Structure formats: structure tokens, C-alpha cells
Amino acid sequence: MAVYTEQKSTLYYWFFYVSFSLFIFILYLIGTYSSINFGKLSYKLGIKKAYAIAITIMIVGIILTFITYLPIDILGLAAMTFGFFGAHSIQSSYIATLTE
């Protein structure tokens, strides 16, 4: 009987780790969405304002991860990913325009 309980708990932890790693890739999709939207936003507001918004969202996300409540941590991680991917796409396009 103890062997069955041990196998069940091992299976449970395996499922938890697999589902958590899949969740990380879902956050990357949020970053992809962010890159597209910040590209459009940089044309509307300008590069400096859009970059400042992206960095602000990233800093707010980092601050949210300091709260020790899991849903808020996940929200902070999503906000940090959103801001980072947005800032990265803005800076990449800005550097490309400087080298032309």
C-alpha cells in the first residue's frame, strides 16, 4: 500500500512540474503579443514614450513578484514578460534604424 501512495505522489509532482513548465511557454506567448503591440504603439506615440511604458510595465511586474501570494506572482511574471518583450522589440528596431 505504501508503494502505491509513493507512486501516486510522484505522479502528482511530475504532473505539477510539466504543467508549470507549459505555463512558462504560455507566458512567452504573452511576450510575442507584446512585441507586436509595442511595435504599433511606437509608431503612434514615438519610440521614447513606448519604451518608457514598456520599462514601467516591466518594473511593476518585478515589484509584483516580491509579494508572496502565488496569483500575484504569476501576474507579476506575466507583466514582466510583457514589458521585457515590448522593450526588446522597440530597442531592436531602434538600433536597426540607427545603423542604416
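A residue is called buried when its relative accessible area is under 20%. Keep that cut-off in mind as we walk through this structure, which is a predicted model.

Let's start with Thr81, which sits in helix H3. Its relative accessibility is 9%, so Thr81 counts as buried. Leaving aside residues up to four places away in sequence, Thr81 touches Leu27 and Gly31.

Now look for the nonpolar core. The largest one has five residues, namely Phe38, Ala50, Ala54, Ala87 and Ile90. Two elements, helix H2 (47-64) and helix H3 (70-99), each give two or more residues to this core. In soluble globular proteins, nonpolar side chains tend to be buried together.

Next come the aromatic rings. The model has four aromatic pairs. In one of them, the ring centres of Phe25 and Tyr28 are 5.9 Å apart and the planes meet at 55°, so this pair is tilted. Where do these two residues lie relative to each other in helix H1? Because Phe25 and Tyr28 are three residues apart in helix H1 (residues 2-45), about one helical turn separates them.

How accessible are these two rings' residues? Phe25 has 54% relative accessibility and therefore counts as exposed, whereas Tyr28, at 42%, counts as partly exposed. To finish, find Phe84 and Phe85 as well: together with Phe25 and Tyr28 they form one aromatic cluster.

How values were computed. Residues numbered from 1 in each chain as written. Predicted model: local features only at pLDDT ≥ 70, side-chain atom pairs only at ≥ 80, totals over all residues. Heavy atoms only, no water. Core = buried A, V, L, I, M, F, W, Y, C linked by side-chain atoms within 4.5 Å. Buried < 20%, exposed > 50% of the residue type's maximum accessible area, 1.4 Å probe, protein only. Helix = DSSP H or I, 4+ residues; strand = E, 2+ residues; numbered from the N terminus. Phe/Tyr/Trp six-rings, centres within 6.5 Å; stacked < 30°, edge-to-face > 60°. Contact = heavy atoms within 4.5 Å.
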